[in-house]
Amino acid sequence: MQNLGEELLGLSKEDLSLLSAIETGMKTHEWVPSFVVAELSGLPDPKVQFRLGQLFERKLVEREKMHYLGYRIDFAAYDLLALSDLVKQGKLSAFGQRIGVGKESVVHEALGESRLAVKFHRQGRTSFKHIRRLRDHLADRPRVPWLYAAALAARREFEVMEKLYPLVSVPKPVARSRHALVMEFVQGIALNRITLSDPENALEMILDEVAAALKLGIIHADLSEFNIIIDDSGPRIIDWPQAVEVDHPQSQELLERDLANVLRFFERRYRIEMPLDRAILLVREREALRS
């Protein structure tokens, strides 16, 4: 299977211009008419028709014949547009294989000034109603297309990570384009996949990170053993697109849920029992002690 880097190298400037034109047209059209693609790209109609046909054969555009021939892009093309932009920004010099897949994201390794990870958000059609109902960054966009929901999620996560880094142990955010987030590569193992030699200390360190984020006004809102990475320096917390501010009406409930998830894991895996109210008190005390 051809990777994204190779796929990008196989596209011409005209191809990227057409994909970008369809992306723009999707803000106002469910299926973008070919004449709109021609207008937005600035390319002559015969060339547009020919190259769109080639892009369709490569499964980089979808098309639908109604009273006109309309086009739209999916994540396959959106990934390439984001990757092209990140290369132009000078943030990426090499792009590698996929290293992780989640329910709402795909992660690839990459190189820039250092070893990096590129996370492509995948908030798709099937989960969009759920996302729209729960996530603050979509609250004022009730009709936002599902493709742009992924871009908004990436922007939200990037903004949160910029706010937290380096006072909270999160990967260093590097750049963002559309639905793609570039960050420091974390060389560690997820909490659910590692056997800790000192689980009591690890739990204390995780509570410290929750307190540090709380001091900066942020609650993760989806914390669990699956998005805590253990490396040589301790726990690193990832996956922040669903984070909420402390003034969110459900902030206390979400904080309690985060802590309950972590406590449940340590009790199940290591037989460490800590009451939820005790963990909340510890986090609040540590938050207050931070200058």
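Guide: Glutamate 7 pairs with arginine 58 in a salt bridge, with the closest N and O atoms 3.3 Å apart. A salt bridge here is a side-chain nitrogen of Lys or Arg within 4 Å of a carboxyl oxygen of Asp or Glu. The pair links distant parts of the chain, 51 residues apart. Glutamate 7 sits in helix H1 (residues 4–9), and arginine 58 in the loop between H4 and strand E2 (62–65). Helices (H or I, at least four residues) and strands (E, at least two) are DSSP runs, numbered from the N terminus. Glutamate 7 counts as buried because its relative accessibility is 15%. Arginine 58, at 32%, is partly exposed. The cut-offs are under 20% relative accessible area for buried, over 50% for exposed, and partly exposed in between (1.4 Å probe, protein chains only).

The model is predicted: local features need pLDDT of at least 70, side-chain atom pairs count only at pLDDT 80 or more, and totals for chains, interfaces and linings use all residues. Residues are numbered from 1 along each chain as its sequence is written, and side-chain values use heavy atoms, with hydrogens and water left out.

The whole structure holds 17 salt bridges. Another one joins glutamate 184 to arginine 236, with the closest N and O atoms 3.0 Å apart. Glutamate 184 lies in strand E8 and arginine 236 in strand E12 (residues 234–237), so this pair ties together parts 52 residues apart in sequence. Glutamate 184 is partly exposed, at 25% relative accessibility. Arginine 236 is buried, at 10%. Arginine 236 also meets aspartate 231 in a salt bridge of 2.9 Å, N to O. Both arginine 236 and aspartate 231 are buried. Elsewhere, salt bridges that share partners join Glu14, Asp15, Lys47 and Arg51 into one network.

Lysine 47 is in helix H4 (residues 45–57). It counts as partly exposed because its relative accessibility is 35%. Asp15 is among the buried residues of H2, as are Leu16, Leu18 and Leu19. Helix H2 (residues 13–25) has 13 residues. From first C-alpha to last it reaches 18 Å, close to the 18 Å expected at 1.5 Å a residue. That expected span is 1.5 Å times one less than the number of residues.

Now the spaces. On a 1 Å grid over the protein atoms alone, a cavity is a set of points where a 1.4 Å probe fits but cannot get out. A pocket is an open set with protein on both sides within 12 Å along at least five of seven lines, and lining residues have an atom within 4 Å of a point. Grid points are joined across faces, edges and corners, and a volume is the space filled by probe spheres set on the points.

The largest pocket has a volume of about 940 Å³. Its lining has 36 residues, with Val107, Phe226, Ile229, Ile238 and Asp239 nearest the centre. Strand E4 gives the most to this lining, with four residues. Strand E8 (180–184) is one of the elements that supply at least two.

The structure holds one cavity of 30 Å³ or more. The largest cavity has about 60 Å³ of space. Its lining includes Val210, His220, Trp240 and Asp258. Helix H8 (199–215), strand E10 (218–219) and helix H9 (251–270) each supply at least two residues of that lining.
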